[in-house]
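I kept these notes while going through the model one topic at a time. They are in the order in which I looked things up.

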Amino acid sequence: MSAAPPEPVLPDAPPGQRSAPDLLSHRPALRVDARAVKESLAFAFAGGAPAGAFDRHVESASLPASTWDPARFAQHVFLRELIVGCLHFTSEGRTYIPSPALLGRALSQPPSDRDTVELRRAIFRELTGSEAHRRDLERAYAALRRWVGQIETIPISRGEGSRRRLDILAAAKDAFDALAGGFAGARSGLSRLSAFGAAVREGEAYRRLADLLAYDEEIATLDVRIRVGSDGHVRDLRALSIRENSENRFYQSPLGRLVTKLVMLWRGYRFSDDELLTRHVNSVFDGIEDDLVALVQLLGDLEFYLAGLALRDRARAAGLSVCLPELVSPGASDGAHGARGGSPGRELKGLFNPLLLASSVSTVPCDIATDHHDATVIVTGPNSGGKTRLLEALSLAQMMGQAGFFVPAAEARLSPCHGLFVSLIEQAQADQSEGRLGMELLRIRSLFEAMQVGDMVVLDELCSGTNPSEGEEIFQLVISLLSELRPQAFITTHFLELAARLERERPVDRLVFLQVELDAQQWPTYQFVDGVARTSLAHRTAARLGVTREELVALVERSKRAHRRRGAEPA
């Protein structure tokens, strides 16, 4: 694999404007709806909010432009199951499931902007190279979650309102401090976090926040003398001196507090000390409101990277490896790798299906390589040999790699594509208007309606819904027309005679044939080698599932004996 690309140059914020701590876009932007978030913050600060209220703002955050349409593949690669089952992570002892909505969109809509992809990859490289940066990331996320937990707490009584608001402000300060105090020496986009935190702490709004919390923490210092008897009980407690925190900006002398109350009373208002404190609390909150909006956005951004690190940890625990792939432009000449005609080859070493990490199934990695990315790869082999799992793994690797995420392989070279189309065999639906053949033809139609030149296409059991002669004719039609669009295509089939004939005749360019490798006992090894399988080994699958003549005859005889016994029983 080639050397890692240089770190991307991060754009500066416009003069006089604080840069948003955006970790998902090369050009920093506030991607949440600021107005809607501010409204939620105001209501929540005043009286609380239901749990998950701010997650909805995170889920609806905008993302960089993409040419990919998740409707064409996300359901078939079980993206939600991947996020919930494999990408959950732990931060300061608590386990979190990242937002399936935002993380799902971030993965399934890879950015068209290559600088954005490189920004994300550089952040991952720095996180995996520095345990300190990773701890800072986890600490910052935990602080953000504590703040959200505080602001979504609904007060039980009116009397605890000011105390709750002060706790919210204290949690927000902790979050700002976690950002400003972490990521020392970071050179990737992680530096945006410390820069944002430092900029907030340098502002007047933060200083007022710190002064208010300090005043709340230490309104006065009381020196006391305690006299204790021989039995250990307190005999006397005497206050020696009381020093009020007069240097704090929120300090008011007793006379000043009395004057304020008298003035308000003269104007017709009656204020308690708690209500006067609430005025200061609300004023401080208003001053940091814009920065709080940025914290809401950061929740989703940090989850992207914590989820990626969790995948890496989970793979390593299973004896597997993930990587940041080498991304080679489809039009780049890559003679060093054996490709010709301006189309670099695809290579994945130690590829595995990450969905298997959430189950107890043993995961066996495999190697896949083609001389060209724009090749049509036909995969054959026995049932339960790993063909469908391979298609899922290839689809996920392409999607995750283009999104700037780790891919489930020890090493990988991929070529970015304009879009992805995945269609695996679906279960019949009660409301479907067509039979199995009709649904298959509609699947093919939708493929050609959506596909553009150079897209990646993944099809499982193409044309399996009709008789072999008609199915083979449609199969050949699809293959011949697909080749004109120069796709990155992977197609499985049980039309073994047709596949063998296509391998001999080569009716279109860049056809590649892979088959499931079998061991000496004809059991699948879950590896893939060149060629076309000679048999689907249906008898092996039937035997494994108990569908042999002997076992079925035994079941028939059991049913007949039961029937005779019922007939012999008295009515």
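**Cysteines.** I began with Cys 417, which is buried at a relative accessible area of 7%. The model is a predicted one, and I read every value below as computed from it. I then checked Cys 86, which has 0% relative accessibility and so counts as buried, the cut-off being under 20%. How many disulfides does a search of the whole structure find? The search returns zero. I noted for reference that a disulfide would be a covalent bond between the sulfur atoms of two cysteines.

**Whole protein.** I took the totals next. The protein has 571 residues, and 47% of them count as buried. Its secondary structure comes to 17 helices and 14 strands. I looked at contacts with a separation of 6 or more, and residues 24 or more positions apart account for 74% of them. The protein exposes about 28,100 Å², of which carbon and sulfur atoms supply 51%.

**Strand E11 and its partners.** I went to strand E11, residues 456-459, and asked which residues lie on each of its faces. Met 456 and Val 458 are on one side, Val 457 and Leu 459 are on the other, and all of these are buried, which leaves both faces covered. I then listed the pairings. Strand E10 (residues 420-423) pairs with E11 in the parallel sense over four bridges. In that pairing I found Val 422 opposite Val 458. Strand E12 (residues 488-492) also runs parallel to E11, and four bridges join the two. Here Val 457 has Ala 489 of E12 as its bridge partner.

**Positive phi.** From E12 I stepped back into the loop between helix H14 (468-483) and that strand, where Arg 486 sits. Arg 486 is not a glycine, yet its phi is positive, at about 50°. Its relative accessibility is 38%, so I logged Arg 486 as partly exposed. I found another such case in Arg 506, a residue other than glycine with a positive phi near 50°. Where is Arg 506? It lies in the loop between helix H15 (496-505) and strand E13 (511-518). Arg 506 is partly exposed, at 40% relative accessibility.

**An open sheet.** I traced a sheet of four strands in the order E5-E9-E6-E7; it is open and its pairing is mixed. Strand E5 (326-327) and strand E7 (366-370) are the edges, each pairing on one side only. I followed E7 to strand E6 (residues 346-351), with which it pairs in the antiparallel sense over four bridges. Glu 347 has Ala 369 in E7 as its bridge partner. I then looked for what lies across these strands. Helix H12 (residues 387-402) lies across E5, E6, E7 and strand E9 (411-414), and it runs at about 110° to E6.

**Salt bridges.** A search of the whole structure gave me 24 salt bridges. Side chains of opposite charge can pair when their charged atoms come close. I wrote up some of the pairs.

Arg 114 bridges to Glu 118, with the closest N and O atoms 3.2 Å apart. Both residues lie in helix H5 (residues 114-129), four residues apart, about one turn of the helix. Is each end buried or exposed? Arg 114 is partly exposed, with a relative accessible area of 37%, whereas Glu 118 is buried, at 8%.

Arg 139 and Asp 136 form another salt bridge, the closest N and O atoms being 2.7 Å apart. They are three residues apart in helix H6 (residues 131-151), so about one helical turn separates them. Arg 139 is partly exposed at 39%, and Asp 136 counts as buried at 12%.

Asp 177 forms a salt bridge with Arg 201, where the closest N and O atoms are 3.2 Å apart. This pair links distant parts of the chain, since Asp 177 is in helix H7 (residues 161-181) and Arg 201 in helix H8 (residues 191-202), 24 residues apart. I put Asp 177 down as buried, because its relative accessible area of 19% falls under the 20% cut-off. Arg 201 is partly exposed, at 34%.

My last item was a network of salt bridges, which links Asp 22, Arg 31 and Asp 301.

Methods:
Residues are numbered from 1 along each chain as its sequence is written. This is a predicted model: local features need pLDDT of at least 70, side-chain atom pairs count only at pLDDT 80 or more; totals for chains, interfaces and linings use all residues. Side-chain values use heavy atoms; hydrogens and water are left out. A salt bridge is a side-chain nitrogen of Lys or Arg within 4 Å of a carboxyl oxygen of Asp or Glu. Buried means under 20% relative accessible area, exposed over 50%, partly exposed in between (1.4 Å probe, protein chains only). Two strands pair if DSSP finds at least two bridges between them. Contact means heavy atoms within 4.5 Å. Axes are lines fitted to C-alpha atoms, for helices over the stretch in contact, and angles run from 0 to 180 degrees between N-to-C directions. Accessible areas come from the Shrake-Rupley method with a 1.4 Å probe; for residues, only the protein chains shown count as cover. A disulfide is a pair of cysteine sulfur atoms within 2.5 Å.
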